[in-house]
Amino acid sequence: LSREAAVKSMVLLKNSDGLLPLSKDLRMVYVTGPLADDAQVKLGNYYGLNEDIATVLEGITGKVSAATKVDFRQGALLDRTNVNPIDWFSGSAQEADVTIAVMGVSNLLEGEEGASIASPDKGDRFDVSLPESQVAFVRKMRENAKKLVVVVLSGSPVAMPEVHEMADAVVFAWYPGMEGGRAIADVLFGDAVPSGRLPLTFPKSMEQLPPYEDYSMDGRTYRFMTEEPLYPFGFGLSTTTFSYGKLQLSMSGRNTYDAKVWVTNEGDRAGEEVVQLYVSALDAETRVPLASLKAFERVFIGPGESETVEFTVTPEMLHVIDDEGEAVVAPGRYRVTVGGASPGPRAVALGAPEPAWAIVHA
């Protein structure tokens with residue numbers, strides 16, 4: 001990934017009290033965690049190489065002012081309890097203005113069978129939770145840190161509800177590529193405004209995932225999951241604040257509607273909002289998804305400014321699959337929802353703006 005692409009893919013999952021972006025002039029920053037100075041984790045499973053692969057530690061060190069002290073201790077192993085039980089790491093968290101803990105999994109634990117040499121299951125993951133040794137490490141950091149930012153690197157969803165509660169800010173950076181360390185530092189210290197959105201649902205635990213005993217979609221993905229997820233599909237925060245006005249729908253043809261909504265940047269930083277349109281069939285007689293993403297648009301909005309975002313809702317967007325397997329427009333009501341994440345209370349509870357919605361009839 002390029003640096004810009006890595007920034008756009010990064011997802012801000014929590015930002016309590018507007019902690020991010022951090023000041024580049026802090027007195028002391030403490031960087032820790034099993035992946036903070038790991039170059040390989042940036043690359044994932046398929047990659048090229050160059051002579052300058054920036055780790056998160058290098059990105060942060062190159063970002064802060066010359067007067068800022070940066071301290072580093074790895075502190076924890078990737079997937080097992082430290083062999084040496086002596087605590088050499090928590091003292092720096094007490095001294096630092098902010099502690100940045102870089103956690104997650106790498107291609108040593110997930111991915112291609114031959115590369116996952118630390119995986120007991122040849123690269124498969126039978127548990128999507130963050131390794132317990134890392135959760136215990138974050139607990140220790142929380143006891144000592146004045147402010148705690150958790151950066152998570154992974155190629156797949158990570159169930160980490162306790163870590164979410166403990167952290168002041170959470171950034172999910174995937175496997176961000178060779179420029180990933182600098183891209184992460186750009187987001188943490190305000191040289192880039194995050195706009196990434198989750199392309200899948202993050203569960204709270206394995207218990208929320210139905211076993212694959214058949215091909216039923218019951219309980220799977222944002223389209224059929226009725227339990228509250230950890231992070232919903234399409235979710236992602238910004239370091240500025242967006243709001244949505246009333247959704248205006250006008251019929252322009254048979255089962256065709258023009259949709260228009262005002263999106264306002266209420267913060268003091270310019271940023272991109274990913275405006276998403278979902279459709280829900282409310283009266284269908286066959287089983288249908290709770291909601292389906294039908295369109296989205298990235299919109300760059302300056303501080304204090306508003307933009308009109310327009311979509312066309314076509315008959316194809318209203319299609320449901322009937323009992324004969326045919327795509328049809330079911331008679332009845334359809335809810336059209338436009339917002340910054342998939343519909344549902346969890347996204348708003350996590351900080352997403354209230355979506356706009358309206359009902360149309362087919």
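## A lysine on helix α4

Lys-140 is partly exposed because its relative accessible area is 31%, a class lying between buried (under 20% relative accessible area) and exposed (over 50%), judged with a 1.4 Å probe and protein chains only. The model is a predicted one, in which local features need pLDDT of at least 70 and side-chain atom pairs count only at pLDDT 80 or more, while totals for chains, interfaces and linings use all residues. Residues are numbered from 1 along each chain as its sequence is written, and side-chain values use heavy atoms, with hydrogens and water left out.

Lys-140 forms a salt bridge with Asp-87, the closest N and O atoms being 3.7 Å apart; a salt bridge here is a side-chain nitrogen of Lys or Arg within 4 Å of a carboxyl oxygen of Asp or Glu. This pair links distant parts of the chain, with Asp-87 in the loop between β3 (69-73) and α3 (90-95) and Lys-140 in helix α4, 53 residues apart. Helices (H or I, at least four residues) and strands (E, at least two) are DSSP runs, numbered from the N terminus. Asp-87 also counts as partly exposed, because its relative accessibility is 34%.

## Further residues of helix α4

Asn-144 belongs to helix α4, which covers residues 132-144. A polar atom of the Asn-144 side chain lies 2.8 Å from the backbone oxygen of Lys-140. Asn-144 counts as buried because its relative accessibility is 14%. With neighbours within four places in sequence left aside, Asn-144 is in contact (heavy atoms within 4.5 Å) with Ser-90, Ala-93 and Gln-94.

Arg-139 and Glu-132 form another salt bridge, in which the closest N and O atoms are 3.2 Å apart. Arg-139 counts as partly exposed at 30% relative accessibility, and Glu-132 is partly exposed with a relative accessible area of 49%.

## Other salt bridges

The whole structure contains 20 salt bridges. In one of them, the side chains of Arg-182 and Asp-52 meet at 2.7 Å, N to O. The two partners come from distant parts of the chain, 130 residues apart: Arg-182 is in helix α6 (residues 180-188), and Asp-52 is in the loop between β2 (28-32) and α2 (56-63). Arg-182 is partly exposed, with a relative accessible area of 22%, and Asp-52 is partly exposed at 37%.

## Two nonpolar cores

A nonpolar core is a set of buried Ala, Val, Leu, Ile, Met, Phe, Trp, Tyr and Cys residues joined through side-chain atoms within 4.5 Å. The largest such core has 74 residues, and those with the most contacts inside it are Ile-60, Ile-100, Val-151, Met-160, Leu-188 and Tyr-231. Strand β5 (residues 148-153) supplies the largest share of this core, six residues.

Not counting residues up to four places away in sequence, Ile-100 touches several residues, among them Leu-22, Val-29, Ile-60, Val-151 and Leu-188. Another core, of 28 residues, lies apart from the largest one and includes Ala-259, Val-263, Leu-277 and Val-313.

Ser-243 is placed in strand β7 (residues 242-244). The side chains of Ser-243 and Glu-266 are joined by a polar contact of 2.8 Å. A polar contact is a pair of N or O atoms within 3.5 Å; within protein, one must be able to donate a hydrogen and the other to accept it, and residues adjacent in sequence count only if both atoms are side-chain atoms. Beyond four places in sequence, Ser-243 touches Trp-262, Val-263, Thr-264, Glu-266 and Pro-353.

Thr-308 is in strand β12 (residues 306-313) and counts as partly exposed at 30% relative accessibility. Beyond four places in sequence, Thr-308 touches Lys-260, Val-261 and Trp-262.

## A buried loop residue

Ala-341 lies in the loop between β15 (333-339) and α8 (345-349). Ala-341 is buried because its relative accessible area is 7%. From Ala-341 to Asp-121 the distance is 34 Å, C-alpha to C-alpha, and the two are 220 residues apart in sequence.
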